[in-house]
Amino acid sequence: MANFDIFDTIEELRRTGDAFCVATVLRTADATSAKAGGKAAITRDGQILGHLGGACVQRAVRTSAQDALSSGAPQMIRIKPSDKVVSMTDPDGVQTFKSGCPSGGTVDLLVEPYQHAPRLVIFGGSPIASALADHAALAGFRVCVTETGGAHAQFEPDSVGDLGLEARDFVVVASQGRGDAVALEAALNTPARRVSMVASRRKADTLVDKLVANGLDPARAGQLKSPAGLDIHAIDPHEIALSILAEVVMWRNTDKTREVSEDEKLA
């Protein structure tokens with residue numbers, strides 16, 4: 001770990017595009033190799049980059065990091081000797097982990113998740129697609145588009161799998177007559193939970209029926225939202241783009257609220 005700098009490591013992880021956690025030692029009691037102020041980054045696959053203490057601390061931190069990444073919420077944890085653990089939650093509300101390490105020390109840590117902004121993938125080079133890309137970038141989304149120029153990240157339709165999309169990402173088909181069937185099939189084959197299409201309901205149904213006949217899961221087909229956007233009586237491309245973005249923002253915030261509520265029920 002010569003010349004190791006945790007802040008350089010965190011910055012490098014931020015550039016990779018994958019989620020990770022940062023764990024900070026807040027307090028220690030009795031003998032322990034962990035020191036207050038110690039920091040480490042925990043990758044999605046469980047690598048600990050930095051020093052937090054011995055094996056007992058590392059096991060607890062890995063578990064907590066997975067919980068934090070799943071919920072998107074920070075975790076306060078305490079690792080202490082097994083004979084001192086009465087409940088898995090201490091009276092002050094901190095989640096506890098049993099330690100069998102010989103040191104017999106107690107360590108309090110804060111585990112904070114870092115998730116990049118969701119992606120908004122846009123199929124199409126229509127004026128609506130271009131306007132949506134501009135508005136979404138201003139709203140903080142990581143925008144990926146096909147067939148358009150400008151400053152937004154671009155990809156080929158057949159390489160959508162290389163984007164590493166997750167369920168929390170969003171896909172909008174705005175091809176408007178240029179390769180609609182191909183774009184819609186690619187969109188519905190992504191893991192994105194929310195997929196919408198700039199098209200009439202009738203047109204979308206016709207395309208979806210053909211995809212289902214060719215093997216698309218009907219349940220997945222039923223998740224398509226068309227026409228895309230909220231009904232704000234939009235007329236020009238920028239107004240339509242705003243209606244689509246408003247719907248995407250609504251979905252993003254609704255999903256966050258639902259995830260927090262589910263975590264509270266499990267707590």
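In this predicted model, D180, A181, L184, E185 and L188 of helix α4 meet K203, L207, V208 and L211 of helix α5, where contact means heavy atoms within 4.5 Å. Helices are DSSP runs of H or I with at least four residues, strands are E runs of at least two, and both are numbered from the N terminus. Residues are numbered from 1 along each chain as its sequence is written. Local features need pLDDT of at least 70, side-chain atom pairs count only at pLDDT 80 or more, totals for chains, interfaces and linings use all residues, and side-chain values use heavy atoms, leaving out hydrogens and water.

Now for the packing: α4 (residues 180-188) and α5 (residues 201-213) sit at an angle of about 70°, with axes 10 Å apart. Axes here are lines fitted to C-alpha atoms over the stretch in contact, and angles run from 0 to 180 degrees between N-to-C directions. The two helices are therefore roughly perpendicular, a label for angles of 65 to 115 degrees.

Within α4, D180, A183, L184, A186, A187 and L188 are buried, that is, under 20% relative accessible area with a 1.4 Å probe, protein chains only (exposed is over 50%, partly exposed in between). Their cover includes β7, β10, β11, α5, α6 and β12.

On to the loops. Most residues other than glycine have a negative phi. Q176, in the loop between β10 and α4, has a positive phi of about 50° and is partly exposed at 38% relative accessible area. H233, in the loop between β12 and α7, has a positive phi near 60° and is exposed at 66%.

Key
Parallel < 35°, antiparallel > 145°, perpendicular 65-115°, else oblique.
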